[in-house]
Protein chains: 2
Amino acid sequence: MESVNQFELTKEFLERFGEAIESHDILFIQASLSGVNSADISALLHEFDSKDSKYVLELLDVETGSEIIKGLDPDTRLEFLSEFETNEISKYVNELDSDDAADIVNELPIKIREAVIDGLDNEEKASNVLELLRYDEDCAGGLMAKELIKANANWTIGKTIDEIRRQAEDVQKVYAVYVVDDGDKLLGRVSLKRIVLADDHMKVSSIYDQEVVAVETYMEEVEVASVMRKYDLEAVPVINMQGKLVGRITIDDIVDVITDLAEQERQLMAGISEDVEEDDSVWVLTRARLPWLVIGMIGGLLGALFMETFEKNITLTLTFFIPLIMATGGNVGIQSSSLVVQGLANKSAFSQTTYRRLGKVFWVAILNGVLLAIMVFLGVQFVMGNGFRLALIVSLALLSVVLLASFMGTATPLILDKFGINPALASGPFITTANDLLGLAVYFGVAHILYTL
Amino acid sequence: MESVNQFELTKEFLERFGEAIESHDILFIQASLSGVNSADISALLHEFDSKDSKYVLELLDVETGSEIIKGLDPDTRLEFLSEFETNEISKYVNELDSDDAADIVNELPIKIREAVIDGLDNEEKASNVLELLRYDEDCAGGLMAKELIKANANWTIGKTIDEIRRQAEDVQKVYAVYVVDDGDKLLGRVSLKRIVLADDHMKVSSIYDQEVVAVETYMEEVEVASVMRKYDLEAVPVINMQGKLVGRITIDDIVDVITDLAEQERQLMAGISEDVEEDDSVWVLTRARLPWLVIGMIGGLLGALFMETFEKNITLTLTFFIPLIMATGGNVGIQSSSLVVQGLANKSAFSQTTYRRLGKVFWVAILNGVLLAIMVFLGVQFVMGNGFRLALIVSLALLSVVLLASFMGTATPLILDKFGINPALASGPFITTANDLLGLAVYFGVAHILYTL
């Protein structure tokens with residue numbers, strides 16, 4: 001048994017492996033990779049350049065090679081595959097499941113895609129990949145694989161097992177056998193366990209389960225993920241508008257979808273505008289970060305302009321509390337929007353109405369705002385000794401800012417969601433910049449009113 | 001075939017169903033729920049109170065009932081189960097897989113846990129649940145289920161199929177059969193597909209796959225998730241320190257782990273200190289939000305005190321740019337920390353050394369900082385016409401703040417991670433508050449130096 005930690009990328013091994021590549025020590029390379037999981041080899045190859053990786057890959061069999069290529073991350077893979085001729089790429093793609101094959105072909109430069117597909121030995125694979133490329137990446141059609149095992153409802157178990165034997169060669173993981181009618185319309189499913197336990201002469205129609213959850217090709221991946229989570233499915237059949245079985249989505253693809261979505265949300269919340277990783281180049285990282293920084297900067301300059309315009313209404317002492325007002329507004333805004341984003345992500349069939357939701361947000365804001373305002377009033381009046389009027393201005397402004405930021409933080413993601421924009425955008429610099437400006441306006445507005453009174 | 005959307009919770013249905021409960025219309029309730037997926041019934045019951053839900057549940061068979069209880073969210077479930085006698089709870093728990101059973105028992109008040117376990121009809125289930133309760137919730141032992149199918153390496157396929165037939169009754173989803181020796185030590189696995197395709201008289205030892213990835217009971221759930229993702233596993237066997245097979249973790253549990261972790265991270269980034277949802281009470285929501293707001297407020301008051309102390313060095317015009325400095329520092333800090341958090345989440349065996357990482361952060365910060373400083377200098381000098389010295393002060397301070405915030409944003413999550421604290425904490429109000437104070441100090445420090453020159 002190979003335990004998880006058996007293959008460890010130690011510094012020593014990496015060095016030795018690098019030397020082996022340089023000196024073309026084929027025996028060492030093959031011996032040290034024999035029996036190693038392809039995912040571990042992919043991780044290993046990330047440490048070497050494309051030329052060296054290609055040299056290693058060609059010492060292994062094509063099936064292992066194709067799994068290794070599948071395990072590389074997309075950027076590395078694109079660079080790596082640029083070392084290959086199209087017919088070599090075809091050779092590896094030919095070994096993969098149609099969904100992985102389509103994903104990899106989709107990453108290639110448009111001009112070589114066709115050549116790679118033409119080069120696939122397996123004609124069925126070629127037509128499957130072509131079909132999958134037609135679907136939008138973010139929908140069920142773009143996630144599904146064509147490989148699945150299906151049985152006609154009229155078959156006997158004996159014939160079904162023979163057919164499984166025939167079909168199973170192409171299907172890596174068999175979760176269930178899908179039952180279809182003569183027109184390929186999905187009727188239901190029967191688990192492999194059930195087939196193993198049934199008698200050979202029984203008919204599929206007498207043992208299959210009609211209550212199968214299926215998704216349609218155009219369903220969004222987020223929704224597919226929530227359906228599979230809700231019903232605890234390890235695989236879900238995909239049907240077209242006519243109810244015909246066209247593919248299957250497995251849970252490992254959904255795990256990737258969920259992880260990607262979480263990562264995307266983190267980047268939106270952090271104001272990073274491209275899908276970057278720490279090991280990207282300085283320039284790529286800068287380009288990803290600059291847009292929101294510039295927007296924040298413009299917000300800051302507008303704030304300065306605003307204050308300049310109202311210069312005569314502003315005293316120096318008043319400005320001491322700008323950081324307080326801004327920080328609180330920012331924090332409240334992000335808290336509010338995150339809760340809405342979370343609510344939208346977990347939306348149940350009957351979520352609260354917008355009206356009730358806004359009502360509750362209002363009460364939470366009032367409670368938070370009043371508590372903070374009291375603390376700040378006491379702090380400014382008694383601890384800092386800045387006098388009653390200033391304490392009143394700061395605490396009233398703070399209360400107003402908490403209310404406004406709550407409202408903005410709640411409304412913005414709901415509005416974005418209505419327009420089909422990822423609502424998590426509203427938990428990032430977007431809401432902070434807006435709140436900063438609003439906070440300043442409210443603060444100096446309150447001050448102006450109270451000083452004039 | 002039941003399509004996904006067939007059971008929809010329309011307002012009309014909910015009303016009709018509510019009336020049926022009130023008038024004890026058993027026929028309508030049973031007819032409308034017959035053949036409906038338990039996950040849909042769980043969603044339906046979330047719309048009714050515990051008493052009504054109990055009434056509905058008792059009209060259904062125990063197996064469906066147990067699945068419905070499993071599908072409720074933990075808060076609702078606890079409230080709901082408080083309506084039941086312990087022996088009634090046992091009756092439902094008895095039907096569940098050991099991992100779900102242990103999770104539900106674990107949520108119950110301590111004083112009734114033992115009674116519920118004692119009340120389980122199935123003695124094996126009782127001892128399994130007791131065993132699982134011993135493990136920490138966040139590790140492989142706490143995630144695993146005891147139900148799995150295992151075969152001795154010396155058995156024939158015929159005997160194995162007989163044994164599967166016997167064991168499979170308890171196991172809902174069979175992914176693979178684990179192969180063990182006489183001492184229950186895990187040797188490998190064999191897929192159900194392979195068994196279906198093999199001859200009855202062959203020995204398990206001749207067809208099983210020795211390269212099985214296993215995890216140990218104490219492995220953290222995050223790590224289990226990354227192992228299952230890396231190796232694309234739908235289930236992973238769990239072994240104890242002696243290599244004995246003790247349980248199995250399925251991918252649906254990992255999907256929950258990943259979703260929970262993403263939610264937890266979102267809350268940390270948003271400064272929400274409890275696991276709350278939008279539909280919690282006003283008081284719970286306030287309590288979850290107040291702590292970070294208070295910390296932000298204290299930061300703001302400290303900022304005011306700081307400015308008061310240096311009052312004579314500060315001109316009113318200088319304060320116009322406080323929002324700019326603060327907003328930029330906050331944005332840069334959160335961008336930096338998020339990238340580190342992402343890097344830590346995806347850590348590969350050979351990630352960059354801390355030294356190289358900090359070096360790159362420095363160059364990205366310099367590039368971002370210089371670009372922003374130039375824009376701000378031009379804005380302040382030419383657009384706003386505030387003069388050369390002020391433009392220089394603001395842009396130099398901005399550059400320094402970008403550098404400092406980058407450094408803080410990078411170092412803080414790394415330090416938190418070293419101390420075993422979730423690094424995502426550093427992407428929230430924590431880093432913002434610290435950056436606000438630091439930003440003020442840098443800004444007025446730079447101003448002081450340049451005015452004195």
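Start with helix 6 of chain A, residues 74–81, where helices are DSSP runs of H or I with at least four residues, strands are E runs of at least two, and both are numbered from the N terminus. Its buried residues are Arg77(A), Phe80(A) and Leu81(A); buried here means that 20 or more other C-beta atoms lie within 10 Å of a residue's own, with C-beta atoms placed from the backbone. They span an arc of only 90° around the axis, so they sit on the same side of helix 6 of chain A, the arc being that of the directions from the helix axis to the C-beta atoms. The cover over these buried residues includes helix 4 (50–57), helix 5 (62–71), helix 7 (86–93) and helix 8 (98–107) of chain A, with contact meaning C-beta atoms, placed from the backbone, within 7 Å.

Some bookkeeping before going on: this is a predicted model, in which local features need pLDDT of at least 70 and side-chain atom pairs count only at pLDDT 80 or more, while totals for chains, interfaces and linings use all residues. Residues are numbered from 1 along each chain as its sequence is written, and chains are lettered from A and ligands numbered from 1 in the order in which they are written.

Now for the strands of chain A. Strand 2 (residues 176–180) and strand 3 of chain A run antiparallel, joined by 5 bridges; strands count as paired if DSSP finds at least two bridges between them. Val177(A) has Val190(A) as its bridge partner in strand 3. The hairpin they make has 5 residues between the strands, and Asp184(A) takes a positive phi near 70° there. Strand 3 (residues 186–191) of chain A has 6 of its 6 residues buried, so it is largely enclosed by the rest of the structure.

Next comes an open sheet of 3 strands in chain A, in the order 4-5-6 with mixed pairing. Strand 4 (215–216) and strand 6 (245–250) of chain A are at the edges with a single partner strand each, so one side of each has no neighbour in the sheet. Strand 4 and strand 5 of chain A pair in the parallel sense over 2 bridges, and Glu216(A) has Ile239(A) as its bridge partner. In the turn of their hairpin, Gly243(A) has a positive phi of about 85°.

What covers the faces of strand 5? Ala235(A), Pro237(A) and Ile239(A) on one side, and Val236(A) and Val238(A) on the other, are all buried.

On to the two chains together. A rotation of 180° with 0.0 Å of shift along its axis puts chain B on chain A with an RMSD of 0.1 Å, superposed by least squares on the C-alpha atoms of residues with pLDDT of at least 70 in both. That is the relation of a two-fold axis. The same surface serves both copies, with 100% of the contact residues of chain B recurring in chain A. The contact takes 115 residues from chain B and 115 residues from chain A, and helix 17 (residues 282–309) of chain B gives the most to chain B's side, with 17 residues.

How values were computed: Two residues are in contact if their C-beta atoms, placed from the backbone, lie within 7 Å. A residue is buried if 20 or more other C-beta atoms lie within 10 Å of its own, exposed if 12 or fewer, and partly exposed in between; C-beta atoms are placed from the backbone.
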